[in-house]
Amino acid sequence: MRFIFIPLAVLAVALLGSWLTGGGMDWYKTINLPSFTPAGSVIGTVWTIIFILTAISAIIFWGKAPRDRRFWWVLGFFILNGLLNIFWSFLFFNRHWLGAAVWEAGVLDLSVIILIILIWPVSRLASMLLVPYAAWTTFATYLTFTVWTLNK
């Protein structure tokens, strides 16, 4: 079940986020961006890798973790993380609420860090697979903040 459900859930998050992002690209092309903004192709590649690593992490955790309180907390944080991921695209690309998107990106980053901490005792590999995600969301939070300050 985990080899089907988890990749499908991750794919759903990726597709919905991509759809929301695509709906705001005309607006995005008109705003001020910092010089360190990665090209769209780089962003897409990074997210693809992050989604693959996240799915692998969740599959490993699901297979190793006893069905105790930690398991349900981690499952809840994976679900929350996916919803936060989608919500950032909605705030930034659809509503153009850059300030709210900064805060939301910080919460998204925090959810990844919490996942890393919660998963570590069960599987260090599954935990470490989320480190690039945490690094990227930290960068993305800073990038979102910079975009916000450039477009006030």
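This report describes the fold, cores, ring contacts and selected residues of a predicted model.

## Basis of the model

The structure is a predicted model in which local features need pLDDT of at least 70 and side-chain atom pairs count only at pLDDT 80 or more, while totals for chains, interfaces and linings use all residues. Residues are numbered from 1 along each chain as its sequence is written, and side-chain values use heavy atoms, with hydrogens and water left out.

## Overall fold

The protein chain has seven helices and zero strands. Helices (H or I, at least four residues) and strands (E, at least two) are DSSP runs, numbered from the N terminus. In sequence order the pattern is α-α-α-α-α-α-α. The radius of gyration of the protein chain is 16 Å, close to the 15 Å from the globule rule for 152 residues, so the chain is as compact as a globular protein of that length. The radius is taken over C-alpha atoms, and the globule rule is 2.2 Å times the number of residues to the power 0.38. Along the principal axes, the C-alpha atoms fill a box of roughly 50 × 25 × 25 Å.

Among contacts in the protein chain with a separation of 6 or more, 78% are between residues 24 or more positions apart; contact means heavy atoms within 4.5 Å. The accessible surface of the protein chain is about 8,500 Å², and carbon and sulfur atoms hold 73% of that surface. Accessible areas come from the Shrake-Rupley method with a 1.4 Å probe, and for residues only the protein chains shown count as cover. Of the 152 residues, 44% count as buried. Buried means under 20% relative accessible area, exposed over 50%, and partly exposed in between (1.4 Å probe, protein chains only).

## Nonpolar cores

In soluble globular proteins, nonpolar side chains tend to be buried together. A nonpolar core here is a set of buried Ala, Val, Leu, Ile, Met, Phe, Trp, Tyr and Cys residues joined through side-chain atoms within 4.5 Å. The largest such core has 31 residues, and the members that touch the most others are Ile6, Val74, Phe78, Leu115, Ile119, Leu130 and Tyr133. At least two residues of this core come from each of α1 (2-22), α3 (40-64), α4 (69-95), α5 (98-119) and α7 (131-150). Helix α3 gives the most, with eight residues.

Beyond its neighbours within four places in sequence, Leu130 is in contact with Thr54, Ser57, Phe78, Val112, Leu115, Ile116 and Ile119. A second, separate core has twelve residues, including Tyr28, Trp88, Leu91 and Val147.

## Aromatic rings

The structure holds 17 aromatic pairs. Rings of Phe, Tyr and Trp (its six-membered ring) pair if their centres lie within 6.5 Å; planes under 30 degrees apart count as stacked, over 60 as edge-to-face and the rest as tilted. Trp27, Tyr28, Trp88, Phe92 and Phe93 are linked into a cluster by ring pairs.

## Loop residues

Most residues other than glycine have a negative phi, and most peptide bonds are trans. His96 is not a glycine, yet its phi is positive, at about 60 degrees. His96 lies in the loop between α4 and α5 and is partly exposed, at 34% relative accessibility.

Ser123 is in the loop between α5 and α6 (124-128). Ser123 is buried, with a relative accessible area of 5%. Not counting residues up to four places away in sequence, Ser123 touches Ile60 and Lys64.

## Residues on the helices

Ile117 is found in helix α5 and is exposed, with a relative accessible area of 57%. Val107 is also found in helix α5, but Val107 is partly exposed, at 42%. C-alpha to C-alpha, Val107 and Gly23 are 23 Å apart in space and 84 residues apart in sequence.

Ile56, in helix α3, is partly exposed at 37% relative accessibility. Ile56 and Phe3 are 53 residues apart in sequence, with 9.2 Å between their C-alpha atoms. Ala12 lies in helix α1 and is partly exposed, with a relative accessible area of 43%. Ala12 and Ala58 are 46 residues apart in sequence and 15 Å apart in space, C-alpha to C-alpha.
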